[in-house]
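Start with the shell, then turn to one helix and the overall fold.

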Amino acid sequence: MQYYNHVTEAIGNTPLVKLNKVTEGIKGTILAKVEYFNPGNSVKDRMAIRMIEDAEKAGILKPGGTIIEGTSGNTGMGLALAAQAKGYKCIFTMPDKQSKEKMDILRAVGAEVVVTPTNVTPDDPRSYYSVARQLNQDIPNSFYPNQYDNLSNTAAHYEGTGPEIWKQTDGKVTVFAAGVGTGGTICGTGKYLKEQNPNLKVIGLDTYGSVFKKYKETGIFDENEIYSYATEGIGEDILPKNVDFDVIDQFIKVTDKDAALMARRLSKEEGLFVGWSSGSAVYGALEYARQHMTENDVMVIILPDHGTRYLGKIYNDEWMKNQGYLD
Ligand code: PMP
């Protein structure tokens with residue numbers, strides 16, 4: 001019989017799928033690594049289980065413990081699955097700009113969700129970072145993974161996503177592109193791939209309203225770069241420890257609108273019903289590909305999550321029109 005003892009054992013080994021339509025006129029091969037095939041429907045399952053297992057090994061997380069995290073939803077889903085497998089409770093703090101679907105999904109898998117205001121600075125006591133930290137102090141036997149600064153996040157991709165892509169492309173990958181939130185996906189995967197091929201380029205996709213691109217180009221943390229934006233899961237107003245700027249060669253910013261429209265094209269034209277940040281990743285990566293790729297280049301783009309979480313937003317025509325994204 002072939003079966004997993006728990007669904008968390010099905011994390012990883014996601015497929016690479018060639019993009020055929022949205023890549024028209026582009027030289028080389030563009031492959032999408034479709035992370036919604038993970039059991040929690042996102043790339044974040046990989047690091048969630050790894051953060052828990054590393055904490056158990058280090059004795060930080062003990063039986064009967066409570067996991068507390070600030071999460072835009074996908075990390076929460078991964079943590080909730082791992083917590084079920086291992087018998088922990090979960091409490092998640094989440095900014096109120098996140099889709100209702102994500103909050104409902106987390107509650108459905110048994111987590112408690114605390115909703116916090118989006119438009120406050122990270123050091124404000126009401127921010128989702130601060131509330132998570134406070135709960136961690138108040139609740140005995142609780143563990144705050146802190147996905148931003150916890151290097152188990154990068155390690156999950158260095159040991160998982162990177163080797164998978166190298167093997168799946170027979171070592172032919174020449175460009176790796178991914179959106180940057182905590183930075184774990186791009187830096188763990190990118191570091192591994194660059195060790196195999198030092199000429200490989202790593203392209204980070206960023207949002208307008210985020211500090212990453214300017215910081216990479218100037219070394220300046222510019223608060224003027226920070227303003228609210230709508231894309232979920234990428235761009236930050238902090239510099240997480242998981243972002244290693246030496247691994248990322250270049251950042252490209254993508255607007256909320258361009259990302260939303262590209263996600264809709266991926267769903268309609270490529271059969272890939274993906275989330276908003278997948279639209280950012282493909283839109284930005286193709287901009288790079290148009291300028292730099294030649295026939296022999298192979299680009300791999302991470303598509304982080306599934307479209308169901310955005311049904312009320314980018315897959316809702318009324319919502320799209322109200323945003324001014326559709327005529
Ligand atoms: N897209 C989505 C939908 C996400 O939830 C995340 C995680 N924040 C990312 C992209 C970025 O991944 P990472 O945190 O590894 O940089």
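The shell around the ligand has 4 nonpolar, 12 polar and 3 charged residues. Here Ala, Val, Leu, Ile, Met, Phe, Trp, Tyr, Cys and Pro count as nonpolar, Asp, Glu, Lys and Arg as charged, and the others, Gly among them, as polar. This is a predicted model: local features need pLDDT of at least 70, side-chain atom pairs count only at pLDDT 80 or more, and totals for chains, interfaces and linings use all residues. Residues are numbered from 1 along each chain as its sequence is written.

Of the 19 residues around the ligand, Gly 181, Thr 182, Thr 185, Gly 233 and Ser 277 come nearest. A residue counts as near if its C-beta atom, placed from the backbone, lies within 6 Å of the molecule. Helix H6 (residues 184-196) gives the most to this shell, with 3 residues. Helices are DSSP runs of H or I, at least four residues, and strands are E runs of at least two, numbered from the N terminus.

Now turn to helix H3 (residues 100-108). Its buried residues are Lys 102, Ile 105 and Leu 106. Seen down the axis of H3, they fall within an arc of 95° (taken over directions from the helix axis to the C-beta atoms), so they line one face of the helix. The face turned away carries the exposed Asp 104 and Ala 108. Buried means 20 or more other C-beta atoms within 10 Å of a residue's own, exposed 12 or fewer, with C-beta atoms placed from the backbone. Just after H3, Gly 110 takes a positive phi of about 100°.

The protein chain holds 10 helices and 10 strands. Buried residues make up 51% of its 327 residues.
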